[in-house]
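Thank you for making time this morning. I would like to take you through one structure, beginning with the whole chain and then turning to a few details.

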Amino acid sequence: MLVCFGGAGAEEAQKLTAKQILKKCDDFHFFVKDTVYKIDVTLIDKDGKKSYMKFENYQKGGQKRLLRWTEPKDLAGFSILTIDEDTMYVYEPSLGKVRRIASHAKKQSMLGIDFTLDEAGSFRLESDYDPEITAEDEKGWTLKLKQKPGKDKAWPVVKLAVDKKKFFAAKVEYCDEKGKKHKTETRYQVKKLG
């Protein structure tokens, strides 16, 4: 479930710092402490081939999350449980087993797709990244996030296109330490379902 906040006035929006924008963006995406929502994913590879999957996100507080796949059929029931930043488990229905994910494995691809286990367990970006504003127009800001010292995230640099009215990240670019983009996530048709 995504819920839209009221937009900031033009004067307020002009005064915001990069940290304030990132906090408002995190607040938009994680303001509900306990929630359930469904996610439909369309993956497009470099050759233009599309694949689809659906999963449900059960979130409790700011740290606990359960992702449970419903489609495609061969992934139905596969689940990832995040207890906190350092504790994550995977349930594989084909094996009937639960296993803990080692820290070094969190940077690996999840189910052969472009999302890493680290991304599946991430919550508030402001706790892991230092932001700077790199561009701004009437619709929003572009933030460049650099990993904070002592953090070991899958992506050292993340770029966000943040909408000025709702403060949601409409576009996310995942980059290496040199800022080279490796993948892009585009979010659209954001609507309140209940």
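Predicted model: local features only at pLDDT ≥ 70, side-chain atom pairs only at ≥ 80, totals over all residues.

If we take the contacts between residues at least 6 apart in sequence, 37% of them join residues at least 24 apart.

As for the secondary structure, there are 3 helices and 11 strands, and along the sequence they follow the pattern α-α-β-β-β-β-β-β-α-β-β-β-β-β.

Strand E4, residues 79-84, pairs with strand E5, residues 87-92, in the antiparallel sense over 5 bridges, and a hairpin of 2 residues joins E4 to E5. Within that pairing, Leu-81 stands opposite Tyr-89 of E5. E5 is also joined by 4 bridges to strand E6, residues 97-100, again running antiparallel, and here Tyr-91 has Val-98 in E6 as its bridge partner. The hairpin of E5 and E6 has 4 residues between the strands, and in it Gly-96 takes a positive phi near 65°.

That brings me to the charged side chains. How many salt bridges does a search of the whole structure find? The search finds 8, and I will go through some of them.

Glu-92 forms a salt bridge with Arg-99, with the closest N and O atoms 2.9 Å apart. Glu-92 is buried, at a relative accessible area of 18%, whereas Arg-99, at 47%, is partly exposed.

Lys-151 and Asp-128 also meet through their side chains in a salt bridge, at 3.2 Å from N to O. This pair links distant parts of the chain, 23 residues apart, since Lys-151 lies in the loop between strands E8 (140-147) and E9 (157-163), while Asp-128 lies in the loop between helix H3 (117-121) and strand E7 (129-136). Asp-128 is buried, with a relative accessible area of 4%, and Lys-151 is partly exposed, with 26%.

Finally, the side chains of Arg-187 and Glu-185 meet in a salt bridge at 2.8 Å, N to O. Arg-187 is partly exposed at 28% relative accessible area, and Glu-185, at 19%, counts as buried.

Definitions and conventions. Residues numbered from 1 in each chain as written. Heavy atoms only, no water. Pairing = 2+ DSSP bridges. Contact = heavy atoms within 4.5 Å. Salt bridge = Lys/Arg side-chain N within 4 Å of Asp/Glu carboxyl O. Buried < 20%, exposed > 50% of the residue type's maximum accessible area, 1.4 Å probe, protein only.
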